[in-house]
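Visitor: Can you walk me through this model? I would like to ask about domains, sheets, helices and a few residues.

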Amino acid sequence: MFEMVIGLETHVELSTKTKIFCSCTTQFGGEPNTHCCPICTGQPGTLPVLNKKAVEYAITAGLALGCRINRHSVMARKHYVYPDLSKAYQISQYELPLCEGGKVTLSNGREIRITRIHIEEDAGKLVHQGNMALIDYNRGGVPLIEIVTEPDFRSAEEATEYLEKLQTILRAVKVSDCRMQEGSMRCDVNLSVRRKGETAFGIRSEVKNLNSFTSVAQAIGYEFERHVDILQAGGTVEQETRHFNAEDGTTTSLRDKENADDYRYFPDPDIIEILVPEEVLHRLEAELPELPDAKFDRYVKELGIPEDDAKMLTKYRPVSEYFERASEGVTQPKTVASFIITQMFAQIQTEAEREHWNPDTTAEQLRELVRLLESGKISRNVAKRVFTSMLETGKGAHDFLSEDDLAGFDPSQLTSLCQKAIDENPKTVSDYKNGKEKAIKALVGAVMRATKGRADALAAEAELKRLIDQ
Ligand SMILES: [Zn+2]
């Protein structure tokens, strides 16, 4: 039996307003080659100046991932020839990266160790048209961090869960929007295969530039089978860089894998060393918000929110902010959570919409509704109905509450109302008695109509059953 051994390198664009070495905008899109200047297109004689904000964002990312921040680090030139980078070297970090160590804990309890995080510039983008290749340098010089893990993953599921967590954490600390479809988060997979029980690593291949969780999972699945086939046939896997074909989920060889030697790294003489003052480090530590894992634990343990709900609330930063605002002064925050998860998530379904959580119904309006419910002024059924109308219109609860709704429901009337429903529907009652379990729902419906939805449906069902079974 074989097992896969995977390490990931993830490139994440930092959300600074300007590029890493010049003042060009980092905005996504734009007409080709309109967001660039002599510095970010690498013209001879220009001098790059490091963007302080990019360094601070990278430090924040490192702190959020539990890394040690090196107070002294150095930018280095990484040489390669390709048209996406006109100066024939990328300014990156090599021997002395900004952050080292760190980890991400997966839901199965396994810890993925982070080797290092370094900062570098993004390259331009090649656009292929027919037999022409065009180059757009708008993305060139956008600040990136590269997050490198140890070969700690043993399945595609672990790899994608890690990437999702990385996305949630980096969004929570607001250093990147991590949009894979726009290329602001991209991933390289290093995979090797060995027989279970072996400790030495096999020869690895690297699949470059994966831009969705699905591609990552497919590339891992394809490479694992390819390696296993080679090994079972008695062959040797070649160390190489491969390209992923999204159309059919396969990979093809790009080139022999470069080794670090091939890049001829050396410290960039144009950029001074990065020295992180202690007070800057302390300030960035102090500014760190509550991280998603800690938030999840607090929601589950202190607020009594079910784990699945807590997971959804903490996955999207704007949703957890909304939830916390709506919960202020509320006795049972889990009631607020349940409204968000059951009714709002049904309306706001796509990942993109949840990332930009901006419903017409404000957190204050939801809070008001939950308070009406908690004070006993309205029933849960009324609250649900009213919330549906609130979500449709963006109006507050009082616009949908009649005097009847606010009159509440006197539970002492429940028995007589249930008896009335039984008397008026003899056919339904006999259906239920003959084993048609669902018939009871029709009777509950009758009670709910009679009380305009103010009775508690569960209590009504129990009372109906008690009366019929008597
Ligand atoms: Zn520029």
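Visitor: What kind of model is it, and how are residues numbered?

Guide: The model is predicted: local features need pLDDT of at least 70, side-chain atom pairs count only at pLDDT 80 or more, and totals for chains, interfaces and linings use all residues. Residues are numbered from 1 along each chain as its sequence is written.

Visitor: Which domains is the protein divided into?

Guide: Domain 1 covers 2–283, domain 2 covers 290–406 and domain 3 covers 411–469. These bounds come from an automatic or database domain assignment.

Visitor: How far apart are the centres of domain 1 and domain 2?

Guide: Their C-alpha centres lie 37 Å apart. The contact between them takes 5 residues from domain 1 and 4 residues from domain 2. Two residues are in contact if their C-beta atoms, placed from the backbone, lie within 7 Å.

Visitor: Which element gives the largest share of the domain 1 side?

Guide: Helix 2 (residues 156–172) does, with 4 residues. By type, the domain 1 side has 3 nonpolar residues, 1 polar and 1 charged. Here Ala, Val, Leu, Ile, Met, Phe, Trp, Tyr, Cys and Pro count as nonpolar, Asp, Glu, Lys and Arg as charged, and the others, Gly among them, as polar.

Visitor: How are helices and strands numbered?

Guide: From the N terminus, as DSSP runs: helices are H or I with at least four residues, strands are E with at least two.

Visitor: How many bridges join strand 4 and strand 5?

Guide: Strand 4 (residues 75–79) pairs with strand 5 over 5 bridges, in the antiparallel sense. Ala 76 stands opposite Ser 92 of strand 5.

Visitor: And strand 13, parallel or antiparallel to strand 14?

Guide: Parallel, over 4 bridges, with strand 14 at residues 240–245. Glu 206 stands opposite Thr 241 in strand 14. Strand 13 (residues 205–210) also pairs with strand 12 (residues 185–195), in the antiparallel sense and over 4 bridges. There, Leu 191 has Ser 205 as its bridge partner.

Visitor: How many residues of strand 10 are buried?

Guide: The count is 0 among the 5 residues of strand 10 (residues 132–136). A residue is buried if 20 or more other C-beta atoms lie within 10 Å of its own, exposed if 12 or fewer, and partly exposed in between, with C-beta atoms placed from the backbone. Strand 10 forms a hairpin with strand 9, with 2 residues between them, and Gly 130 in the turn has a positive phi of about 55°. Strand 9 (residues 125–129) and strand 10 pair antiparallel over 5 bridges, and Gln 129 stands opposite Met 132.

Visitor: Now helix 14. Which residues are buried there?

Guide: Thr 428, Val 429 and Tyr 432, in a helix spanning residues 426–433. They line one face of helix 14, because they fall within an arc of 100° seen down its axis. That arc is taken from the directions from the helix axis to the C-beta atoms. The face turned away carries the exposed residues Pro 426, Lys 427, Ser 430 and Lys 433.

Visitor: What covers the buried residues of helix 14?

Guide: The cover includes helix 13 (414–424), helix 15 (439–450) and helix 16 (457–469).

Visitor: And helix 6, what do its buried residues pack against?

Guide: Helix 2, helix 5 (292–301), helix 7 (317–327) and helix 8 (333–347). The buried residues of helix 6 (residues 307–315) are Asp 309, Ala 310, Leu 313, Thr 314 and Lys 315.

Visitor: Is Ala 58 buried or exposed?

Guide: Ala 58 is buried, with 30 other C-beta atoms within 10 Å. Ala 58 is found in helix 1 (residues 52–64).

Visitor: Last one, where is Ile 20?

Guide: Ile 20 is in the loop between strand 1 (2–13) and helix 1. Ile 20 counts as buried, because it has 27 C-beta neighbours inside 10 Å.

Methods. Two strands pair if DSSP finds at least two bridges between them.
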